[in-house]
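Trainee: I have a model open and would like to learn how to read its features. Could you walk me through them?

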Amino acid sequence: MVSFRKKYIQLGQGILPHEQTLLEQSIQAALTPMWPTERFVAELERDLLEEARRQERAGQGLRIAGWIGGGLLSIAGGILLWVLWQRHQTQPNDSKARMTSKRRPLFGTPKLAGVTPAT
């Protein structure tokens with residue numbers, strides 16, 4: 001026989017084994033399992049497939065944008081390397097001419113390091 005009196009269980013407080021059994025039986029009686037309807041399963045499947053297709057299309061767009069962006073960055077890097085190589089080729093090889101030059105360094109390292117360039 002199931003008792004209908006209310007008993008509140010505090011967290012961290014154990015209950016007796018027969019009370020545990022009664023509690024399990026009352027929970028099972030109150031919460032009868034229900035299976036989803038066929039309509040719900042069909043709608044859920046359709047919605048999940050639709051969302052997967054939408055995410056796949058979005059992923060394709062990002063992939064294409066990544067290829068284009070990566071290609072543009074590769075071209076920009078190649079141009080930068082070519083400009084630096086051309087600048088290196090046109091500089092005089094004479095070390096004395098470099099020392100008397102008043103040109104600022106390319107990346108401004110003396111300023112960053114707190115050192116004044118020797119002239």
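Mentor: Happy to; we will go from the overall fold to charge pairs and then to a surface patch. Keep in mind that this is a predicted model.

Trainee: Which elements make up the chain, and in what order do they run from the N terminus?

Mentor: The chain has 4 helices and 0 strands, so the order reads α-α-α-α. Buried residues make up 2% of its 119 residues. The chain exposes about 11800 Å², with carbon and sulfur atoms supplying 63% of that area.

Trainee: How many salt bridges does a search of the whole structure find?

Mentor: Start with the idea: side chains of opposite charge can pair when their charged atoms come close. Here the search finds 3 salt bridges. In one of them, E43 meets R39 at 3.1 Å, N to O. Both residues lie in helix α2, 4 residues apart, about one turn of the helix.

Trainee: Which residue forms a salt bridge with R54?

Mentor: That is E51, with the closest N and O atoms 2.5 Å apart. R54 and E51 also share helix α2, 3 residues apart. R46 and D47 form a salt bridge too, at 3.3 Å.

Trainee: Which residues make the nonpolar surface patch?

Mentor: I64, I68, L72, I75, I79, W82, V83 and W85 make this patch of about 850 Å². I64 lies in helix α2, residues 38-90, and is partly exposed at 48% relative accessibility.

Key: Residues are numbered from 1 along each chain as its sequence is written. This is a predicted model: local features need pLDDT of at least 70, side-chain atom pairs count only at pLDDT 80 or more; totals for chains, interfaces and linings use all residues. Side-chain values use heavy atoms; hydrogens and water are left out. Patches are made of residues with over 30% relative accessible area and no salt bridge: like charges are joined within 9 Å, nonpolar side chains (Val, Leu, Ile, Met, Phe, Trp, Tyr) within 5 Å. Accessible areas come from the Shrake-Rupley method with a 1.4 Å probe; for residues, only the protein chains shown count as cover. A salt bridge is a side-chain nitrogen of Lys or Arg within 4 Å of a carboxyl oxygen of Asp or Glu. Helices (H or I, at least four residues) and strands (E, at least two) are DSSP runs, numbered from the N terminus. Buried means under 20% relative accessible area, exposed over 50%, partly exposed in between (1.4 Å probe, protein chains only).
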